[in-house]
Structures are given as C-alpha cells and as structure tokens.
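Here is a short briefing on one chain. Look over the sequence and the structure first, then read the points by topic.

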Amino acid sequence: MYENIFKYQECDMEIFKIKKRMQTTEYKKIISTMVQKNKDIQRDKDAMEKEANILLNQINDVKNSINNEKNEMESLESQYNENKITKEIFVSKEMEVSTRLNNLLKKLVKLQKDVEIVNKKFDELKKNAKIIKINYKNAKEAQENFEKNELRAIQKLENDKKELSKNIDSAIMNEYEKYKKDNIMPVYVKLYNNECCGGCMQKLSTSQLSKDDKRIDCEMCRRIIIKE
Ligand SMILES: [Zn+2]
C-alpha cells in the first residue's frame, strides 16, 4: 500500500537534491560575485563622475579668475601708459597682480593633475567592468548548460512521479502533500531496527510498537513510520 508513495517520495527528494545542486554551483557563486562587483563599479563610477564635475567647475572658476587678473594687468598698463598712475603704484600693483596670477596658475596645474588622476582611475574602472562582464557571461552560460542537463533529470523524475501517482491512494497522496508543505521530508519512513523512527532515530515506546496499526506517528519529528 505504501510502496508507491515511498518511490514517489524518493523522486521528490531527488528533485530537491538536484534543485539544490543547481542553486549552489560554483557558477552561481561567480554570477552573484560579479553582480555585486558590477554594483560596486557603478557606485565608484557615479562618485568619480561627481568628483570630475567638481574639478571641472573649479578649473573653470580658476580660468575665469586668471582672465580677470590678465585684464587687470592690461588695465594697469594702459593706466600707466596714459599717465593716470605713477610708476611706483604701477609696479606695486603689477606685483600684486602677478603674485595672484602665479598662485592661480599653480592652482590650475594642480587641478589638471587631479583630473588626470580621475581619468586614469576611470579607465581602470572601465577595464575592470569589461572583465567582470566577460566573467559574468561565461559563468551564466556554464550555469545554463549545467541546468539544461539537470532540468532534463528533473523532467524524467516528474514523469516517474506522474506514473506512480496513478497507483497511490488519494488519501495517502493528500496526506503526503500536506506534510511536504510543512517541510517534513521525508514524510514516510521505515521502522529502524524494529524499534526506532527511521527519520529521527527516536526510540519508540512499547505501547506505540505494540499497536496493530501499520503506521505510527512519530511524536518527536511528526513523520509517519510504516511498519513492514
Ligand atoms: Zn521521528
């Protein structure tokens, strides 16, 4: 009476094993690592773009200031040429302007170097992104190939189950499905050593064992023990 449900249960446990195997492949690990790395790269890229924008704005500001100082210098020169200011004033003002101009130029060089550094980092990021993409693609393909075979095995087991179910009492079938839903697997176990639950190995009481029933409910693990 229980022979077929035992076989049916075997198929289910094999399917469970195969599904677990599919979920825990090396490829799956690589795929999830690559997805994470790609996220990290996107985050770094966003941060770098922000940094680059800030630098470019700063460069623009410095360039504007440099132009202002150059205009100031020209204005001083024409004022001096037109005798509007004395030579002493011209020289001292010119000194001030050229000091400021020098500082601005130094600042510009520094900012341009910073931009170069960001660009280099950006190139490196792009290179890494490419490698990640390739690794992801390869792992994904390998996983799909692996799954193809496993899914075929599952399909075969599903067919076996279908065949078996034709010869399983519907009450037993319903009971099995209900227990399975509660994650009690295997549902049906055999009596072990004529005295223990074949699931959790708990020793059964004499009163349980002496019952005439073909089946005993294990009080420990809720499994159904079938006496042969
Ligand atoms: Zn048990």
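Three residues of helix α2 are buried: Met34, Val62 and Glu69. Their cover includes α3 (87-165). The model is predicted.

**Helix α2**
- Helix α2 covers residues 26-81, 56 residues in total.
- At 1.5 Å a residue, α2 should span 82 Å; its end C-alpha atoms lie 81 Å apart, so the two values agree.
- Just after α2, Asn83 has a positive phi of about 60 degrees.

**Two domains**
- The chain splits into domain 1 (3-168) and domain 2 (173-226).
- Taken over C-alpha atoms, the centres of domain 1 and domain 2 are 56 Å apart.
- Six residues from domain 1 and six residues from domain 2 make the contact.
- On the side of domain 1 that touches domain 2, helix α1 (residues 3-23) gives the largest share, four residues.
- By class, that side of domain 1 holds four nonpolar, two polar and no charged residues.

**Nonpolar core**
- The largest nonpolar core has twelve residues, among them Ile5, Tyr8, Cys11, Tyr188, Leu204 and Ile225.
- The elements giving two or more residues to this core are α1, β1 (188-192) and β4 (224-226).
- The largest share of this core comes from α1, with three residues.
- Domain 1 and domain 2 each supply at least three residues to this core.
- In soluble globular proteins, nonpolar side chains tend to be buried together.

**Around Leu204**
- Leu204 is one of the residues of the largest nonpolar core.
- Leaving aside residues up to four places away in sequence, Leu204 touches Glu195, Cys196, Cys197, Leu209 and Ile216.
- Cys197 also belongs to the largest nonpolar core.

Definitions and conventions: Residues numbered from 1 in each chain as written. Predicted model: local features only at pLDDT ≥ 70, side-chain atom pairs only at ≥ 80, totals over all residues. Expected span 1.5 Å × (residues − 1). Buried ≥ 20, exposed ≤ 12 C-beta atoms within 10 Å, placed from the backbone. Contact = placed C-beta atoms within 7 Å. Domains from an automatic or database assignment. Nonpolar A, V, L, I, M, F, W, Y, C, P; charged D, E, K, R; others polar. Core = buried A, V, L, I, M, F, W, Y, C linked by C-beta atoms within 7 Å.
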